[in-house]
Amino acid sequence: MIIHHPLLGPRDAAEFYVLGDAALIDRPDGQAEDAAERFYGYLYLRDNPAGEHRELWYHEQGDRSWLVVTRDTLTHEIKKVELARDVALQKGRGQ
């Protein structure tokens, strides 16, 4: 499988480590009153969709960047690749 890295171009998937659901970017507020409940969901509850899914990939054998890869879990077709930093910044601006 080839991943089209936004900065480096096409790279083999073997260069990457997959962390899982990209929802991990949305870390709960540890100071919130319901922080324990939120962290339980954050740490232990994961979706396992059949179809399009956003995942965190780490470019371990390259520039060590984090990517958000949107791919179809049934066909492994990659639909979109973004730098995780950019995704996190967009979420921080409420987009």
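Trainee: This is a predicted model. Is Glu-60 buried, partly exposed or exposed?

Mentor: Glu-60 has a relative accessible area of 41%, so the residue counts as partly exposed, the class between under 20% and over 50%. Glu-60 sits in the loop that joins strand S4 (52–58) to strand S5 (66–72).

Trainee: Which residues is Glu-60 in contact with, leaving aside its neighbours within four places in sequence?

Mentor: Glu-15, Phe-16 and Tyr-17. As for Ile-2, 58 residues separate it from Glu-60 in sequence, and the C-alpha to C-alpha separation in space is 15 Å.

Trainee: Which residues of helix H1 are buried?

Mentor: In H1 (residues 35–44), Ala-35, Phe-39 and Tyr-42 are buried. They lie on the same side of H1, because the arc they cover around the axis is only 60°. On the face turned away from that buried side are the exposed residues Ala-36, Glu-37 and Tyr-44.

Trainee: How is a pair of aromatic rings described?

Mentor: By the distance of the centres and the angle of the planes. This structure holds 4 aromatic pairs. In one of them, Tyr-40 and Tyr-44, the ring centres are 5.4 Å apart and the planes are at 45°, so the pair is tilted. Both residues belong to helix H1 and are 4 residues apart, about one turn of the helix. Tyr-44 is exposed, with a relative accessible area of 60%.

Trainee: What are the values for Tyr-58 and Trp-66?

Mentor: Their ring centres are 4.8 Å apart and their planes at 40°, so this pair is tilted. Tyr-58 is buried at a relative accessible area of 19%, whereas Trp-66 is partly exposed at 36%.

Key. Residues numbered from 1 in each chain as written. Predicted model: local features only at pLDDT ≥ 70, side-chain atom pairs only at ≥ 80, totals over all residues. Heavy atoms only, no water. Helix = DSSP H or I, 4+ residues; strand = E, 2+ residues; numbered from the N terminus. Buried < 20%, exposed > 50% of the residue type's maximum accessible area, 1.4 Å probe, protein only. Contact = heavy atoms within 4.5 Å. Arc of directions from axis to C-beta. Phe/Tyr/Trp six-rings, centres within 6.5 Å; stacked < 30°, edge-to-face > 60°.
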